[in-house]
Structures are given as C-alpha cells and as structure tokens.
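Trainee: I'm new to this one and would like a close look at a single part. Could you pick a covered helix and walk me through what surrounds it?

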Amino acid sequence: MTKVALVIMDGAGYDSVVSECGYLEGAVTLGQARRWKMHTATPSLSGPMYETIHTGLWPHEHGIVSNEAVRRSSSSNIFSLARAAGKTTGAVAQEYFHRLYIDEAWDQLRSVEHQDENAHIQFARFYSMEGYGPINAVAPAEIDLCAQTTLLMERHAPDYMLLHTCSADTLGHTYGGDSKEYRRQIWHIDNALSRAIPVWRKLGYDIIVTADHGMTADHWHGGTTAAATEIPFYLFSDAVAPAETEELSQLRIAASILALLGIKVPEGMREAFITPKK
C-alpha cells in the first residue's frame, strides 16, 4: 500500500512558489510531478488551516477558528484515522501539531523529541519557535528539517509522514509577502526539497507539497484576499487526479491522503480528488 509524505510550506503563496521553486516547477515540466492552484478555507490562519488540512472540515465546523483557539483536535483526522487503520504515523513540525494531535501537555524541555506508539502521532520531532519575531527568526534550517524527516522515514517507515516548515511564514510576517526576503526563503525550502524528495521517492513515498495559506504585502494573512488564500498543490505520484487546469479546494486534501493510504473516508469529510492508480 502507498505511503504518503505531506510537506506544508507555511505561509507560501501560490505566485511566489511558482516563481521561486525551480526544483518543483522543473519536476512539473518533466512530468515527475503535477501542480494545481488551490484555495484555502478561511480564516486563513495557521492553526485553523492545519486542522482543516487534516480533517477536511471548515474551521467553523472543527471549531479551531484562530491561533489562540488551538487545542486538542476533537474531529476525525488523518493521524487518528491512520492509527485506527493500523498505520504508522510520523511528523517533523511546529509545536501547534503537538497541541492538536498528541494527548499530553507540551513540555518545552522534553517534547521536541516524541515517540509513543500508542499516540496518534507516533514518531516526531517538534520545534517551538519561542520568541520569534523581526529580530529572532528561530527558523530551523530547511535541510535539517528534511534530514529529520528522512531519518524518521528510514527508522520507522511511517505510512503517513508530515513535514511542516514555518520559515516562509516568519519571513513574510517580518518583511511582507512581496519582499525579496520572503521569496528567497521560499527558494531555500525548494532547494532543500530538491535533495530530499528523490530520496523519499526511493523510500516508497508519494509526496504532496502544499501550504496552509499565503501572505499579503501587509505582512499578514487571515482574510479572503488571493494573496492569503491561493496556494500551490504539488503531487509526486502516479495516482489519478483532475486536470491541472482545475482549481482545487484545500478541504479535499484529507480525504485524498486517506484514499492514497487505502483508508475509508469518514462521513462528513469532503471527498477526495485523488484516487490510487489501479
């Protein structure tokens, strides 16, 4: 059965990714990947979008409607459904994912390394970004995040693996979504993925690269503008999918990942737009 790795480039808007991500766009040109424009739910904020990506529900439905409201997920999600189906899960991600999907309090001195085979996320490396701001970016190096992801894949072979990087979001809030600093950071993500994705493909993973939301020129997101709500969706897989001219909804990611994993989509979740090739 297919293993799936999801890469979330936090804050990376559609236009900036297409213009800066030479590796991802080259893969599309050569037919190694496909790319669509995708529209987020709203409010286009990180915490609500993490849960929307993993549940297929609008924030008003899953209840996490702001970053200040991030709490333990109470909805069926990719991690919980994968575990119920006997699948293995892993993540390299920011602290919010610990709050959402692990049933224990965040411990600043211990939770950065996590291993619990009974948890919804079994194997993980988390980072906190404590104190981040204009004079303290606290963004892990992209290649280091890819390295941690690779090691978890090689050691535990999770059926579902999440990689979440916050650096583009941090630079966007600091310099704005039309800045050279923001665009350069998106390139740094692409540069790290150019070395990691071929390795992950050899390890047997179908790979999705997308974002939670974009970034406006006002250093912000959360509303309904195209800069905040238009994001890319790349697929490295031979799965059946719509024509690349079709614009997709972020609310259909969860069901699509479950379909690739061979897991039944629960009632109430938006339908998949990807199905495994027969």
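**A covered helix and its neighbours**

Mentor: Let's start with H11, where the buried residues are Ile253, Ala254, Ala255, Ser256, Ile257, Leu258, Ala259, Leu260 and Leu261. Keep in mind that this is a predicted model. H11 spans residues 253–261, and nine of its nine residues are buried, so "buried" here means under 20% relative accessible area.

Now for a partner of H11. The buried residues of helix H3 pack against H11, and also against strand E1 (3–9), helix H4 (59–62), helix H5 (78–84), helix H6 (95–101) and strand E6 (160–165). H3 itself covers residues 46–55 and is mostly covered too, with ten of its ten residues buried. Among those buried residues are Ser46, Pro48, Met49, Tyr50, Glu51 and His54. Just past the end of H3 sits Gly56, and its phi is positive as well, about 75°.

For another bit of helix packing, turn to H8 (residues 167–175) and H9 (residues 180–202). Their axes come within 8 Å and cross at roughly 175°. Because of that angle, H8 runs roughly antiparallel to H9. On the H8 side, the residues that meet H9 are Ser167, Ala168, Leu171, Gly172 and Tyr175. Their counterparts in H9 are Glu181, Tyr182, Gln185, Ile186 and Ile189. Sorted by class, this contact of H8 with H9 has six nonpolar, three polar and one charged residues.

How values were computed. Residues numbered from 1 in each chain as written. Predicted model: local features only at pLDDT ≥ 70, side-chain atom pairs only at ≥ 80, totals over all residues. Heavy atoms only, no water. Buried < 20%, exposed > 50% of the residue type's maximum accessible area, 1.4 Å probe, protein only. Helix = DSSP H or I, 4+ residues; strand = E, 2+ residues; numbered from the N terminus. Contact = heavy atoms within 4.5 Å. Axes fitted to C-alpha atoms, helices over the stretch in contact; angles between N-to-C directions. Parallel < 35°, antiparallel > 145°, perpendicular 65-115°, else oblique. Nonpolar A, V, L, I, M, F, W, Y, C, P; charged D, E, K, R; others polar.
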